[in-house]
Amino acid sequence: MITAENSSAGNRKPKLELFEREADGLQIPASSSKMKLSPLSRACLLWNALVAGCTTLDASMSIEPYTKNKEMRDALEQVAEAYCAAKRAARSGSSDLRPDYLFTTDGCSRWPDGSWMICCITHDIPYWCGGSEPEREDADRELRRCVNRHAPIMGDIVHAGVRIGGLPWLPTPWRWGYGWDQWPRSYEDIHPSPSLHELFDQLKIYELIGRHLSNYPSRNSTDRLP
């Protein structure tokens with residue numbers, strides 16, 4: 001496993017080009033100034049701005065069963081690393097295959113952890129790994145699909161929130177690419193790689209997390225495969 005101490009990824013200089021504007025002390029890339037936001041997206045942006053002021057950049061493993069069951073935590077870390085290594089295999093340099101920090105998940109990140117928690121944990125894997133903007137879009141669409149299977153309409157609400165709150169340059173522990181020590185961190189270039197759905201199926205990620213949640217006594221029995 002690669003940690004912050006033995007990876008050189010955190011020493012690279014950010015490629016993010018910032019323009020001369022700040023919103024609540026946060027510099028925003030120029031391309032975002034042209035975004036047209038719906039009322040729902042504006043509300044989500046305000047919520048995330050408020051929440052960001054009460055958090056740190058550092059992510060942590062904060063939900064059961066992973067805070068108490070080492071075997072399950074290790075299995076989840078291993079499948080997250082396998083996903084990220086496969087996604088990043090075409091990128092240059094072996095040190096780029098895994099983020100600086102071990103995989104962590106906080107569930108649905110300041111959102112209720114309902115029967116759709118399996119969707120949020122799975123969604124954290126590509127967010128921890130980071131990558132290109134299209135890869136983030138794929139991850140967010142899959143989150144919407146998964147949550148809507150558990151609670152119709154809820155997935156659309158969650159999707160609107162994560163599209164704003166998961167931007168890679170936000171100072172939050174749930175931002176895109178949160179596994180890397182470097183911040184701010186921009187989207188990466190697009191490289192050929194297996195699709196998110198291919199890797200989820202190949203690694204049986206939903207099945208693994210579903211077993212963890214359903215077999216743990218304190219978890220809700222309604223956690224099921226999407």
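View 1. Tyr127 and Trp176, two buried residues. Both Tyr127 and Trp176 are buried in this predicted model. Helix α3 packs against helix α4. Let's look at how two neighbours in the fold line up. The axes of helix α3 (residues 117–129) and helix α4 (residues 133–150) come within 9 Å and cross at roughly 175°. That angle makes α3 roughly antiparallel to α4. On the α3 side, the contact includes Ile118, Cys119 and Tyr127, and on the α4 side it includes Ala139, Leu143 and Val147. Sorted by class, this contact has nine nonpolar, two polar and two charged residues.

**View 2. An aromatic cluster around Tyr83.** Ring pairs join Tyr83, Phe200 and Tyr206 into a cluster. The protein has five aromatic pairs by count. In one of them, the rings of Tyr83 and Phe200 are tilted, at 5.8 Å centre to centre with 45° between the planes. Tyr83 lies in helix α2 (residues 70–87) and Phe200 in helix α6 (residues 196–203), so this pair ties together parts that are 117 residues apart in sequence. Tyr83 counts as buried, at 2% relative accessibility.

**View 3. The whole protein, for orientation.** Which pattern do the elements follow along the sequence? They run β-β-α-α-α-α-α-α-α, giving seven helices and two strands. Of the 226 residues, 48% are buried.

Key
Residues numbered from 1 in each chain as written. Predicted model: local features only at pLDDT ≥ 70, side-chain atom pairs only at ≥ 80, totals over all residues. Heavy atoms only, no water. Axes fitted to C-alpha atoms, helices over the stretch in contact; angles between N-to-C directions. Helix = DSSP H or I, 4+ residues; strand = E, 2+ residues; numbered from the N terminus. Parallel < 35°, antiparallel > 145°, perpendicular 65-115°, else oblique. Contact = heavy atoms within 4.5 Å. Nonpolar A, V, L, I, M, F, W, Y, C, P; charged D, E, K, R; others polar. Buried < 20%, exposed > 50% of the residue type's maximum accessible area, 1.4 Å probe, protein only. Phe/Tyr/Trp six-rings, centres within 6.5 Å; stacked < 30°, edge-to-face > 60°.
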